[in-house]
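Colleague: Please take me through the architecture of this model, element by element.

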Amino acid sequence: MWRFVVGRLLQAIPVILAVITVTFFLVRIAPGGPFDSEKAVIPEVKAALEAQYRLDLPLGQQYLAYLGDLAQGELGPSFKYPGRSVNELIAAGLPATAELGAYALLVAVVLGGLAGVVASLKPNSAQDYIPMSVAMIGICMPTFLLGPLLVLLFGIHLEWLPVAGWGDIPGDKILPSLTLGAAYAAYIARLSRAGMLEVMSQDYIRTARAKGLPEWQVVTRHALRGGLIPVVAFLGPAFAGLLAGSFVVETIFQIPGLGRFYVQAAFNRDYTMILGTTVFLSTLIVLFNLLSDILAAWLNPRLRAQYGEA
Amino acid sequence: MPLLSVRDLQVDFTTRNGRVTAVNRIGFDVEAGKITAIIGESGSGKSVACYSLLGLLPVPPASIESGSALFDGRDLLQLSERELRQIRGRDIAMIFQDPMTCLNPYMTVGNQLMEPLLYHRKVTRQQARARALELLAEVGLRDPESTIDQYPHQFSGGMRQRVMIAMALINEPKLLIADEPTTALDVTIQAQILGLIAELQRKRDIGVIFISHDLSVVADIADEIVVMEKGHVVERGDRQAIFEAAEHPYTQKLLAAIPAGSKAPGEVPRDDLIQVRNLCTWFSQGRGAEPLRAVDDVSFTIQRGEVLGLVGESGSGKSTIGRSLLRLVPVTRGEVLFDGTDVTSLQGTALKQMRRRMQMIFQDPYASLNPRMSVYDTLAEPLLLHGIESRKTVEQGVLRLMDDVGLARAFVRKYPHEFSGGQRQRIAIGRALATRPEFVVADEPVSALDVTIQAQILELMLELGREYGLTMLFVSHDLAVVRHIADRILVLYKGRVVEQGTGDALFNSPREEYTRQLLQAIPGRGLL
């Protein structure tokens, strides 16, 4: 098992290095720079600033210097927030984003899993068609449409929930979590339905019924585990999608998370900030993919044995 | 009074093509302390009848139209799902056909085994575990203490079937329904499992329903036999009456289908088409580990026009030999001379040309045919690929092949799922013969088929062998089947040839202990 984990972590290094390299040069290719603005800056001031942030060095040297800093865990100073480092800014934005992501994942797994399992128990009936149709709509509807619609309905029309904010008014975390989690709930619903249908047609389900177990025990004890393995394997990619989606949701609901820093950094050509968040998020995504793979393998005794030996 | 008394049972299925009566007003009795066998081909309704008694059929599409099934003074067909559940797994238990798929791969064997006990009786987990250990020992598992917490994939097929039996018996049921419990197993394992079921039944004095397509399987253990055909019970009687004085033509057909006797001796010896010298096929088992010696230093020859039988259990290396000859697996060492050419070193075009002369028929006609290709596509592909027919003449070629393997020409545009197992195997044989090969490897071509179909396919292969002048390597775990078709037989054990000779020689005077075991394992050998 450990060899498998360590091997996967080693594989992640070139992946993250490639992400850094591509991002580093891409942001430089983009027109404009961090100190360009409507007001002309005095050339001497601009030169001094560029020298301070090492922007006067040749690109190759800048790249190597950045890698050197990164190796020590330093993401560098932010260009747009003078006096604050990217590490500090990420630390400031992370809690809100992490919380939002966790709730959204919870929404996705609980709602999606439940809908999928319920639908699979009576295929091709109303119990199947209704949740699956809703799921289809969920997949088709983009977050930037769903968010405002939910706000309109629950925030403005019914006045049940706050329309924006994060942790200020009770209940203000519900709408953002729902908005972000909805699409993934829909995917998970379809995955778990397919997984459960497959498992419920297996011979060992018939064996369980022949033992006299009531149907709910057949489902919970014998079918769920096998049926939900595809969902577990999907959690890693889902987490990546949630992070990407959180930028939109944070903007809609005015949440002080990482996403807004990231988007603003891109507009401002805040090179270190863009790079820093990208490196941080890609590392997280790699870790979560690994985690969901390990979990899926652990749920399957056959794979567990294989990795155990390897 | 019988333990179970079924009367007037009718089960219908609603299908896309209308209603089908799967079980048509049948009746039979099962006595306590006796084994009642229900025999019939696939689709005869034998399994459906038993599943319907326990409410294990999906409703819809199934519906029980009429009948009664008195068990212990109660009519099973009138019970509510709740009441029936109390009986399932406690008073009536089941064993299924395929032990590979019937155990839950995500649960330890012990947890699955204890489940019926914990659900139906008031026992603690410790008590249940102790009982499970006792039963595992009783069904012949070595070292239950250490295997009880393992997962099904760590067990062989025979061991899993023993676990299934233990699971069925853990509540000491009054009736055991065994649905083709040995069909997916090798002959030697089958003999062990049959012996075990009979022994446990005698010891507990319970009633058993034994469902099978093969009369010979129940020849040694059944007390009563019920023969079903197309939803009807066509004949009933005790074992002796059925085997010695069967009246119904269908029963007689089933009896005739049991492979018996050996092939008439061939003509004068001809030259060797295939010479295998010191063949070794080893598989790597990862770094540092000893390689698996699937085939270890095997030498033999096959004469032109001869059918050579290769017999052994799972893991004996018999399939690997067949694959090695066709270069479907890499050969580790040794020579395979085909008509004087060593095929182990052929590459590219030479290999492709050689492949045209050698073909393979696989075991499972369900898995080996591409479900998205019609019969026409399947048969036309090799004809065109090897340039045997041109685009203009390919249709005629396909139809000729269909005639040869006994498929109606009208089926030419149909897809594999529209055919029965026997028909599919005919398609597979047609595909193998399309290139007009000189040599065919048939890897367990009949072991997935019902006995009656098996007999037809064996007949077809013998006939085509003569017609095409084929040389054949016939691989099977079943000595009786091989004897029926092969001129000469090699017995294989753990990758090595332990004995060879004509079928009669092996049957009448086996020299090796292992061959004797294989002979002992043939079901109903008294009939042969």
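This is a predicted model: local features need pLDDT of at least 70, side-chain atom pairs count only at pLDDT 80 or more; totals for chains, interfaces and linings use all residues.

Colleague: How many helices does chain A have?
Modeller: Helices (H or I, at least four residues) and strands (E, at least two) are DSSP runs, numbered from the N terminus. The C-alpha trace of chain A spans about 85 × 60 × 30 Å along its principal axes. Chain A has zero strands, and its helices number twelve.

Colleague: Are α8(A) and α9(A) oblique or parallel to each other?
Modeller: Axes are lines fitted to C-alpha atoms, for helices over the stretch in contact, and angles run from 0 to 180 degrees between N-to-C directions. Helix α8 (residues 203-210) of chain A packs against helix α9 (residues 215-252) of chain A at about 135°, with the axes 10 Å apart. Angles under 35 degrees count as roughly parallel, over 145 as roughly antiparallel, 65 to 115 as roughly perpendicular and the rest as oblique. The pair α8(A) and α9(A) is therefore oblique.

Colleague: Which residues in α9(A) meet α8(A)?
Modeller: Contact means heavy atoms within 4.5 Å. From α8(A), the residues are A:Y204, A:I205, A:A208 and A:R209; their counterparts in α9(A) are A:E215, A:V218, A:H222 and A:A223.

Colleague: What is the angle between α7 (residues 174-200) of chain A and α9(A)?
Modeller: The axes of α7(A) and α9(A) lie 7 Å apart. For this pair of helices, the packing angle is about 145°.

Colleague: In what order do the four strands of the open sheet in chain B lie?
Modeller: Two strands pair if DSSP finds at least two bridges between them. Eight bridges join β1 (residues 4-15) to the antiparallel β4 (residues 62-71) of chain B, and nine join β1(B) to β2(B), also antiparallel. The edge strands, each pairing on one side only, are β2 (18-30) and β5 (74-75) of chain B. The order is β2-β1-β4-β5.

Colleague: Which residue in β4(B) is the bridge partner of B:F13?
Modeller: Along the pairing of β1(B) with β4(B), B:R7 stands opposite B:S68. For B:F13, the bridge partner in β4(B) is B:A62.

Colleague: At what angle does helix α1 (residues 46-53) of chain B run to β1(B)?
Modeller: Helix α1(B) lies across β1, β2 and β4 of chain B. Its angle to β1(B) is about 105°.

Colleague: What area is buried between chain A and chain B?
Modeller: Buried area is the accessible area (1.4 Å probe) that two parts lose on being put together, summed over both. The contact takes 23 residues from chain A and 24 residues from chain B. In chain A, A:Y204, A:R206 and A:K211 lose the most area to chain B, together 28% of what that side buries. Carbon and sulfur atoms give 57% of the total buried area, which is about 2200 Å².

Definitions and conventions: Residues are numbered from 1 along each chain as its sequence is written. Chains are lettered from A and ligands numbered from 1 in the order in which they are written. Side-chain values use heavy atoms; hydrogens and water are left out.
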